[in-house]
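Me: Got a structure I'd like to go through with you. Can we take it piece by piece?

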Amino acid sequence: MLLREKVNADIAVAMKSKETTRLSALRMLKAAIMNKGVEKAHDLDDAEVVQVVSTLVKQRRDSIEQFAKAGRTDLVDKETAEIAVLEQYLPPAASAADIEAAIAEAIAETGATSVKDMARS
């Protein structure tokens with residue numbers, strides 16, 4: 001199932017269970033996906049949908065920062081709830097251990113022994 005199809009299915013579930021916060025966030029996501037699809041003149045694939053979701057999460061985080069400075073805790077809570085919904089459509093973030101393992105593997109593959117060796121390919 002494509003991500004945009006999953007969003008549509010989740011909207012129906014949120015409507016039936018009367019989850020207004022989740023429904024609002026999903027409708028906003030669906031609108032953003034549709035707008036980006038119109039802009040690109042084709043249906044978005046999953047990678048493009050993930051980019052849209054990432055952009056929306058970043059916008060929400062920026063908004064939270066601004067609302068917190070203004071003392072608007074009600075809007076901070078709303079944006080935080082939307083982020084929680086949106087993050088369900090993002091792939092899991094790499095852990096610090098995964099990143100360190102990838103770096104160690106890259107160093108082993110290239111045979112780098114110092115920082116100077118990192119520039120060589």
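Predicted model: local features only at pLDDT ≥ 70, side-chain atom pairs only at ≥ 80, totals over all residues.

Me: Helices, then. At what angle do the axes of α1 and α2 cross, and within what distance do they come?
Reply: They cross at roughly 150° and come within 9 Å. Helix α1 covers residues 3-16, and helix α2 covers residues 20-40.

Me: Is the crossing left-handed or right-handed?
Reply: α1 passes α2 in a left-handed crossing.

Me: Which residues make the contact?
Reply: On α1, they are R4, V7, N8, D10, I11, A14 and M15. On α2, they are R22, L23, L26, R27, L29, K30 and I33.

Me: How do those residues divide into nonpolar, polar and charged?
Reply: Eight are nonpolar, one is polar and five are charged.

Me: Switching to charges. How many salt bridges are there in the whole structure?
Reply: A search finds eleven.

Me: D10 was in that helix contact. What does its side chain meet in a salt bridge?
Reply: K6, at 3.2 Å from N to O. Both residues lie in helix α1, four residues apart, about one turn of the helix.

Me: What about E48? Which residue does it bridge to?
Reply: K40, with the closest N and O atoms 3.6 Å apart. E48 is buried at 14% relative accessible area. K40 counts as partly exposed, at 37%.

Me: Now α4. Where does K78 sit relative to E82?
Reply: Both are in helix α4, residues 73-86. They are four residues apart, about one turn of the helix.

Me: Which residues join them in a network?
Reply: R60 and E79. Salt bridges that share partners link R60, K78, E79 and E82 into one network.

Me: Where is R60, and is it buried or exposed?
Reply: R60 is in helix α3, residues 46-70. It is buried, with a relative accessible area of 11%.

Me: What is R60 in contact with, leaving aside neighbours within four places in sequence?
Reply: M28, E79, E82, I83 and L86. E79 and E82 also belong to the salt-bridge network with R60.

Me: Last topic, V53. Which helix is it found in?
Reply: Helix α3. V53 counts as buried, because its relative accessibility is 0% and the cut-off for buried is under 20%.

Me: What does V53 touch beyond its neighbours within four places in sequence?
Reply: L29, L86, Y89 and L90. L29 is also one of the α2 residues in the contact with α1. L86 is among the contacts of R60 too.

Me: And how many Å separate V53 from A108?
Reply: Their C-alpha atoms are separated by 35 Å. Along the chain, V53 and A108 are 55 residues apart.

How values were computed: Residues numbered from 1 in each chain as written. Heavy atoms only, no water. Axes fitted to C-alpha atoms, helices over the stretch in contact; angles between N-to-C directions. Helix = DSSP H or I, 4+ residues; strand = E, 2+ residues; numbered from the N terminus. Left-handed = near helix turned anticlockwise from the far one by under 90°. Contact = heavy atoms within 4.5 Å. Nonpolar A, V, L, I, M, F, W, Y, C, P; charged D, E, K, R; others polar. Buried < 20%, exposed > 50% of the residue type's maximum accessible area, 1.4 Å probe, protein only. Salt bridge = Lys/Arg side-chain N within 4 Å of Asp/Glu carboxyl O.
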